[in-house]
Amino acid sequence: MPRTSQQLHPHREPVTPLHAATVLLLRDAPCPDGGSALEVLMTRRSDKASFVPGAYVFPGGGIEAQDADPAAHAQADHRPAQCAQRLTDALAAIRESFEELGVLLARHADGPRQGQMADAADIAALQRHPAAPATFASQCAARGLRLAADCVYPLAHWTADRNLPKRFAVPFLVARMPEGQEPVADGSEQFEPVWVRPQDALARHEAGQFFMIFPTIRTLQRLAQFADVDAVLAAVAHEQPLWVSSPRAGLVKGKPTPHMEHEPPYGELALVCPDGQALHVLDWQTETPVPLLKNVQRLTAPNPGVMTGPGTNSYLVGDPATGYIAIDPGPADTEHLDKLWRAAGGDIRMIVCTHSHPDHSPGAAPLQAMCVRAGRAAPPILGLPSQPTARAHSQFAPDRALQDQELLTLIGQGLDGKITHTLQVIHTPGHAANHLCLLLREDGLLFSGDHILNGSTTVIDPPDGNMADYLDSLDRLDALCAEHGAEFIAPAHGYVLGDARAAIARLKAHRLAREAKVLAALQARPDGSMDDWVRLAYDDVPERLWPVAQRSLLAHIERIRMMEPGND
């Protein structure tokens, strides 16, 4: 974790979330063409509600003591995989759907109707809010009904954004709507129950006619991928939620915008605003440096494109007391380099290039000259020299070659004493033969160059690129992060990634899955061409990118052939 002293914002403890449960009641509704469409039951919250008034939601509410009561648990049918907490969640959702909409997930325990779901007569015989000491479960028991918790499955789990003044931790459950029942809103908490296709609810929201909050929207987006109720229930039959999320918000065009864990900005928001303050600006721009920590700034070069994304990220590590190390000055763009120099107050002590590609290293010499013209000592240009395998546009000769595991240290004196910022060098061939990464040891932040990107996978272009080396380097980076507790990765393209070791694991799994497709393509078309193989192995990649994909395809083929018997 980054040092508290380097965090940009004062610590603010997020509000402890309250526990609640909600249920998506589903049905298959007939379509005019003779088919059917998945629909979900939604309802509008009271305009006077203390939480999201007027929003369309799924029925649900806070978990109460009665939901965890052993007597209630004994009154419920449940699956073996439903632990006590899962059963409590299910009972809360069943109770809330009855209180708010008069929908009863319960079945007759015995007699001639044994096993049949509750009907309108059963519902009419029960009070939605019984007077103590009666409870929802005891009412059902008196009516000969058992609660059908075994029909309720976990779909997702949401914990509200850390920046909200009122937060809930909520399992989103799913169940099939009992046949013969009709929802009737209680007229106090909920109004206007409506059956709606997920796609239609989303379209109405976009049109400003169906107000919903972020978790509801994202849940409907996922639900829209299913054809019918059976498909949903099959997807959740393994008893684990399909996703677990606690969104984080950043500023996009000045407006707080939430993001889930799998989305590119999430890791950066966790680094910059760990307590959830919606203060970090996410809009890409090349005019001013973006502070990530007090000792780390990012300035993105104005070279956006298919291969560079928003542009090449140049980083400054350090502070006014220690001076700065510039990482990847980028292309030889005078305006970009001037902004980088000014952001460091002209006090650049070292310039490090992660590798020699033309969007990373050409700015090093002009930046060094800029420092000299300002009367400063020339900061050494550090890195690894390009190898003979490098292409002509990637030639690079540093002032000094860095050693693997070498430490680059900035030391200064601050108000609170000695300040140090230490970058550990680790050689990571693969994307390029002279590629290296840097770990800011005190703050657990890995500068990954092009070895690990956010939003795409890097191209491995033989002969300077090598897939076997690339995968081995991923293993080295994983071990480095484990050793030093590094949690964040600052790539040369894209936002900061969080959960560093998980990100590395996903990247390696993706590469190996791609290699399996390459091997399958070779086996399917042993006499095929590169065009044939890329069409098969990269069928999920836009065709316009296939010429670039062919370079990584070649790298995979080289590794596959290297691993064949007799090629030790």
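Author: The model is predicted, and the questions below take a few of its labels in turn.

Reader: Why is Lys-253 called exposed?

Author: Exposed means over 50% relative accessible area. Lys-253 has 77% relative accessibility, so Lys-253 counts as exposed. Lys-253 lies in the loop between strand S11 and strand S12.

Reader: What makes the phi of Lys-253 worth a remark?

Author: Most residues other than glycine have a negative phi. Lys-253 is not a glycine, yet its phi is positive, about 55 degrees.

Reader: Why does Asp-499 count as exposed?

Author: The cut-off is over 50%. Asp-499 has 55% relative accessibility, so Asp-499 counts as exposed. Asp-499 also has a positive phi, of about 50 degrees, although it is not a glycine.

Reader: How do you know that S22 and S23 pair?

Author: Pairing takes at least two bridges between two strands. Three bridges join S22 to S23, so the two strands pair, and they run antiparallel. Leu-439 stands opposite Leu-446 in S23.

Reader: How do you know that S23 and S24 pair?

Author: The cut-off is at least two bridges. Four bridges join S23 to S24, so these strands pair, and they run parallel. From S23 the chain crosses through helix H12 to S24, and this β-α-β crossover is right-handed.

Reader: What makes S23 mostly covered?

Author: Buried means under 20% relative accessible area. Five of the five residues of S23 are buried. On one side these are Leu-445, Phe-447 and Gly-449, and on the other Leu-446 and Ser-448.

Methods:
Residues are numbered from 1 along each chain as its sequence is written. This is a predicted model: local features need pLDDT of at least 70, side-chain atom pairs count only at pLDDT 80 or more; totals for chains, interfaces and linings use all residues. Side-chain values use heavy atoms; hydrogens and water are left out. Buried means under 20% relative accessible area, exposed over 50%, partly exposed in between (1.4 Å probe, protein chains only). A crossover is right-handed if, with the strands pointing away from the viewer, the path from the first strand over the helix to the second runs clockwise.
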